[in-house]
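Subject: Handing over a structure

Dear colleague,

I am passing this structure on to you, and below it I have set out what was found.

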Amino acid sequence: MAGDGVEVAKLEEKELKLCEDQVSHLALDIGGDQGDEAPAGDKHIVKATGGGAFKFSDLFKEKLGIILDKVDEMSSLVAGANFLLKAVHHEAFTYMDGVKDYVQIDHKDLYPYLLVNVGSGVSMIKVDGDNEFERVSGTSVGGGTFWGLGKLLTKCKSFDELLELSHQGNNRVIDMLVGDIYGGTGYSKIGLTSTTIASSFGKAVSQNKELEDYRTEDVARSLLRMISNNIGQIAYLNALRFGLKRIFFGGFFIRGHEYTMDTISVAVHFWSNGEAKALFLHHEGFLGALGAFMSYEKQGCTDIAHQFMEEHSSVAKSPFCTSDRLESSTHTDVKDNGCIECRVQVRN
Ligand SMILES: Nc1ncnc2c1ncn2[C@@H]1O[C@H](COP(=O)(O)OP(=O)(O)O)[C@@H](O)[C@H]1O
Ligand SMILES: CC(C)(COP(=O)(O)O)[C@@H](O)C(=O)NCCC(=O)O
């Protein structure tokens, strides 16, 4: 906690358990010393979404005296994405060959679009309007797969370490390319160049090597490519299925990592024959949290959401109000480090 503001921290489940004691100090900061056994009437209610809102409900109640008011995960993701796409000027961008291009979205032409949220698993949501959406697909091969398999294969201790390894690696050492199969040439008749991956990790079959014989960097790179490629491909096929021209990728897996975005972009480009582009969101990891926060307004508790907008924009009265005003006003909320400054005063 800093002053009357709330600092945002993102913790993995195991980290949350480890810092239970520190977390309990927050209770003092937020609500004064109520003790562990604060009477129900005095407890604070905080919006929360995702599996954690269910899983950590008891922990928050016991250690913090806070009731987690659960907001549906998909609604939160959609509300968060819609809000950002309307309110933040530099929110959506394409990423190709190392070049980041911000895309200005015409608010009247935002819907329909496909929202692909890559967290532990992947959800694909067709968004047709404010609070109008359908989860049309998903895949269990997502961020958790990259982190989990990566941990086992490379013995990495942190996600950032695994990402860094992937940055240094060369996937061609382990992936079987079309050229490896076709004697150095591509298979142009069916549109495959010699450098297209024919089979992720396929070289390991015939190389007679043990895991230890591969550089962890190369393993991490192949893994990241395999997973990002697969997500890009499934996303595009779903966009095609519903005739959606825009695909926005969010979720904490992406983390603005260049190679991840590049691979997803290449996959969408490849499968769409260059007709579709992957779009990334600047605040990709916080869609759900932001959407849950926005639900204060939906519930008629306009104070908090309005307070947020009023404190950080001089004009906007509603987060869902007219786009141009929001676009110019909330622009200043985005700091240089990419954070949206957000202060919430919890009232008794
Ligand atoms: N520092 C990190 N620690 C752990 N996972 C991270 C980290 N940064 C990015 N990730 C990725 O984010 C994924 C979880 O994304 P998140 O959106 O938080 O999902 P969930 O909703 O399942 O909690 C992880 O599986 C991992 O791929
Ligand atoms: C169950 C989930 C919605 C949970 O979201 P997450 O915590 O992974 O962000 C997500 O993991 C998911 O959509 N998994 C893919 C399930 C499937 O469609 O096969």
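An oxygen atom of ligand 2 lies 3.3 Å from a polar backbone atom of Val122, a polar contact being a pair of N or O atoms within 3.5 Å. Two further oxygen contacts of ligand 2 involve side-chain N or O atoms, that of Ser123 at 2.8 Å and that of Glu73 at 3.0 Å. On its own ligand 2 has 470 Å² of accessible area, of which the protein covers 58% (Shrake-Rupley method, 1.4 Å probe).

This is a predicted model, in which local features need pLDDT of at least 70 and side-chain atom pairs count only at pLDDT 80 or more, while totals for chains, interfaces and linings use all residues. Residues are numbered from 1 along each chain as its sequence is written, chains are lettered from A and ligands numbered from 1 in the order written, and side-chain values use heavy atoms, leaving out hydrogens and water.

The residues around ligand 2, including Met74, Asn117 and Arg135, have a heavy atom within 4 Å of it. Helix H5 (73–87), strand S6 (122–129) and strand S7 (132–139) each give two or more residues to this shell, and S7 gives the most, with 3 residues; helices (H or I, at least four residues) and strands (E, at least two) are DSSP runs, numbered from the N terminus.

S7 is also an edge strand, as is strand S4 (99–102), of an open sheet of 7 strands in the order S4-S3-S11-S10-S5-S6-S7, with mixed pairing, where two strands pair if DSSP finds at least two bridges between them.

Best regards

Key:
A polar contact is a pair of N or O atoms within 3.5 Å; within protein, one must be able to donate a hydrogen and the other to accept it, and residues adjacent in sequence count only if both atoms are side-chain atoms.
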